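Colleague: I have a new model open and would like to go through it with you. Shall we begin with the ligand?

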Amino acid sequence: MFDNLSGRFNEIFQQLRRRGKLSEADVDAVLREVRLALLEADVHYSVVKSFVTRVRERAVGHEVSKALNPAQQVIKIVHEELINTLGEPDRLNLSGPKPRVVMMVGLQGAGKTTATAKLAKILRSQGERVLLVAADPYRPAAVKQLQTLGQQIGVDVYTREGVKPPDLAAQAFDMAQKSGVSAMVIDTAGRSQLDDALMQELQAIARRVPVNETLLTVDSMIGQEALHIAEGFRDSVKLTGLVLTKMDGDSRGGAAISIRSVTGVPIKYLGTGEGLDALESFDPRRLASRILG
Ligand code: GDP
């Protein structure tokens with residue numbers, strides 16, 4: 001992952017290490033490369049622009065002129081700013097009365113259903129009594145998929161054929177409350193594109209059940225488009241977190257940087273494989289190190 005980006009940074013920093021003192025021109029030359037590397041990694045240009053400006057402000061002048069090793073100083077600043085841009089790790093908010101509700105949203109193919117099952121597995125390992133809810137009654141294949149995943153991880157799946165998703169979520173909540181379920185994870189319907197009907201349905205579900213977390217699952221492989229999708233959901237639904245999937249592919253990581261920076265919604269998990277254990281809590285330090293190589 002991030003081969004291009006980390007390779008590029010390595011090259012830049014090798015050059016830097018060979019130099020002694022760092023002039024303003026040196027900083028600019030390096031930042032030109034940083035800018036290119038980030039753009040090539042599909043980071044949105046406005047995000048790249050403000051990132052580079054922040055690094056430049058810190059690198060030129062005070063800190064660098066006082067530093068013993070200017071090259072290391074610039075590396076440190078780029079690293080720190082990348083961590084700042086990616087944001088602090090943010091845990092799932094599972095406070096309040098039980099059952100706590102996590103609503104998974106996203107477009108078809110993003111990896112939402114897989115992430116739903118992965119998350120259920122994590123919650124169960126933390127001692128929660130979990131119920132999965134298949135709130136896509138129009139697509140029998142989606143319901144079946146969740147049922148199969150539920151069986152694999154040993155978690156019950158609530159589904160009612162033909163019942164509209166907001167009603168279905170409310171019924172599942174009632175049942176969960178009565179049967180001592182502590183965490184309910186709703187797999188909402190996926191669509192092939194952003195549309196009003198989908199957003200209205202999500203809003204209707206959120207009116208019927210007290211949602212603790214609304215997590216948007218986005219495919220990190222789709223580059224700039226991921227930002228557009230995240231903005232579309234953010235404008236209609238109150239997102240509390242992001243799950244970036246397929247980080248095991250050759251995605252360049254630009255999506256993580258752009259989405260976090262533009263929407264302000266914290267990244268909570270990274271999907272790193274098809275297996276049901278392949279969901280990592282987001283750690284900006286680890287991701288920044290991977291990006292920088
Ligand atoms: P949904 O339509 O959003 O519910 O997407 P699915 O959960 O059905 O996933 C679509 C495809 O992506 C499936 O083949 C999954 O196995 C695969 N997938 C999901 N998450 C990941 C991931 O983190 N890494 C990889 N490599 N594949 C994933």
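Colleague: How do the residues of the shell around the ligand divide into nonpolar, polar and charged?

Modeller: The shell has two nonpolar, nine polar and five charged residues. Here Ala, Val, Leu, Ile, Met, Phe, Trp, Tyr, Cys and Pro count as nonpolar, Asp, Glu, Lys and Arg as charged, and the others, Gly among them, as polar. Please note that this is a predicted model, in which local features need pLDDT of at least 70 and side-chain atom pairs count only at pLDDT 80 or more, while totals for chains, interfaces and linings use all residues. Residues are numbered from 1 along each chain as its sequence is written, and side-chain values use heavy atoms, with hydrogens and water left out.

Colleague: Which residues come nearest to the ligand?

Modeller: Of the 16 residues around the ligand, the nearest are Gly109, Lys112, Thr113, Thr114 and Asp248. A residue is near if one of its heavy atoms lies within 4 Å of the molecule.

Colleague: Which helix gives the largest share of that shell?

Modeller: Helix 6 (residues 112-125) does, with four residues. Helices (H or I, at least four residues) and strands (E, at least two) are DSSP runs, numbered from the N terminus.

Colleague: What lies 2.8 Å from an oxygen atom of the ligand?

Modeller: That is a polar side-chain atom of Gln145. A polar backbone atom of Lys246 is 3.0 Å from a ligand oxygen atom.

Colleague: Where does Lys246 lie?

Modeller: Lys246 is in the loop between strand 6 (241-245) and helix 11 (254-263). Its phi is near 60°, a positive value in a residue other than glycine. Most residues other than glycine have a negative phi, and most peptide bonds are trans.

Colleague: On that topic, which residues does a cis peptide bond join?

Modeller: The cis bond joins Lys98 and Pro99, with omega about -5°. Pro99 is found in the loop between helix 5 (70-86) and strand 1 (100-106).

Terms used:
A polar contact is a pair of N or O atoms within 3.5 Å; within protein, one must be able to donate a hydrogen and the other to accept it, and residues adjacent in sequence count only if both atoms are side-chain atoms.
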